Each structure stands twice: as C-alpha cells, then as structure tokens.
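User: I am new to this structure and would be grateful for a close look at a single part of it.

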Amino acid sequence: MKKLDYNSPVVLSLFFLSAAALLLGTITNGWTTQALFSVYRSSPVNPLTYVRLVGHVLGHADLEHFLGNMLLLLVIGPPLEEKYGSGPLALGILVTAVLSGVLHILLFPGTALLGASGIVFMMIMLASLSGMKSGKIPLTLILVALLYLGQEAYSIIFVRDNVANLMHIVGGACGTVFGYGVTPKQRLTKTF
C-alpha cells in the first residue's frame, strides 16, 4: 500500500489553512473572516492589523471563491515549489501578501480585501517564466502578461464587481520579479 506524500508543503499548507479559515468563517458567521482574514485600514497599534496583512490571503468570501483560487493554486503551485524550493516560494507568497495588503490599505481605505488570487496570479506569472534561458525573455511571459494585463485592465475599466483587479496585477508583478530574481534550485546543483 502506498503512503500519501505531503509533496508540496508550502502549497498544501496554504490550502489547508485557507480551508480552515473558510470553515472558521462559516462557524463564526463571518466574524473570523473579518477580524483575521481580510485586510483593511485599521489602527497601526492594533496587533491584528499586522496579522491581517498576511492573513487576508487565507480568507475567502465563500466556497466558490475558495475553490476558484485553490484549484489553480494546487495545479500551478507544486511544480513551482519543486523548481524553486519551499523556502523561496514561501517568501514570495509572504512578500506578495504583505505588499498587496499594504497597497490595498493605502489605495482603498474604505474596503476590505481577502483571498489568494494575488498569490495565484503571482504563481501564474512565475510559471510563465519556466524554461527561461539566461539573457532571453520567454515568449510565454509576454503572451501571458499581455492577456492577463489586458483582462485585468478591461475589468478595472468596464466591470463593476467586488474583484480586486489591481491586486491581481500586483501579484503578477511580484511573480515576474520573483522569477527574475530567484534562481531555481535545479540550477544550484551541478550535474556531471
């Protein structure tokens, strides 16, 4: 009998923590979602302000929102974690969460932000850099960026919904910077 393998600890932990946050939000009728898993402008002396800067990526409005983010995370995340390593990917997620949280507080002080879509878009852009060779820009990166930025720009201008399209762009920018700034772990090992 084969054993289960916790093959992608960062991605799986993000999944299970997000599932727990959704369950807690349901049990508490949204209280924990608002108090811990959404980021919004609040007093800088409130310690929960800093918890929410990271915790907002774990919160989701409902099951549909959760599934939309988690399905992509579970498909894209494990190969990226294998390629870059758990530590660097966790750092990329943390930086993306804090940066999108701070920008949201500064630019949209009257609204709350929650969900892992910024992280997912970070991973989408990072995945589009796969196979990048030194000194060359992958065509996949350009195509994904054009399609992705075009869709987000269209949504910002023409679609009125509760989607934080600007934070998707922030996540995509973080993934691009991460892809150019972090060396995949395969390149670190010599093969003879």
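In which helix is the place of Ile-105? Please also describe the surroundings of that residue and the chain as a whole.

Analyst: Ile-105 has its place in helix H5. Some conventions come before the details. The model is predicted, so local features need pLDDT of at least 70 and side-chain atom pairs count only at pLDDT 80 or more, whereas totals for chains, interfaces and linings use all residues. Residues are numbered from 1 along each chain as its sequence is written, and side-chain values use heavy atoms, with hydrogens and water left out.

Helices are DSSP runs of H or I with at least four residues, strands are runs of E with at least two, and both are numbered from the N terminus. Ile-105 is buried, at a relative accessible area of 14%; buried means under 20% relative accessible area, exposed over 50% and partly exposed in between, with a 1.4 Å probe and protein chains only. Leaving aside residues up to four places away in sequence, Ile-105 touches Val-39, Tyr-40, Arg-41 and Leu-53, where contact means heavy atoms within 4.5 Å.

A second residue, Ile-119, is 14 residues from Ile-105 in sequence, and their C-alpha atoms are 17 Å apart in space. Ile-119 is one of the buried residues of H6, among which are also Phe-121, Met-122 and Leu-126. Helix H6 covers residues 117-128 and reaches 16 Å from its first C-alpha to its last. That reach is close to the expected 16 Å, a span defined as 1.5 Å times one less than the number of residues. Because 10 of its 12 residues are buried, H6 is largely enclosed by the rest of the structure. The cover over these buried residues includes helix H5 (86-107), the helix of Ile-105, together with H1 (9-27), H4 (63-84), H7 (139-158) and H8 (165-181).

Along its principal axes, the C-alpha trace spans about 55 × 50 × 35 Å. Of the 192 residues, 41% count as buried. Among contacts with a separation of 6 or more, 71% come from residues 24 or more positions apart.
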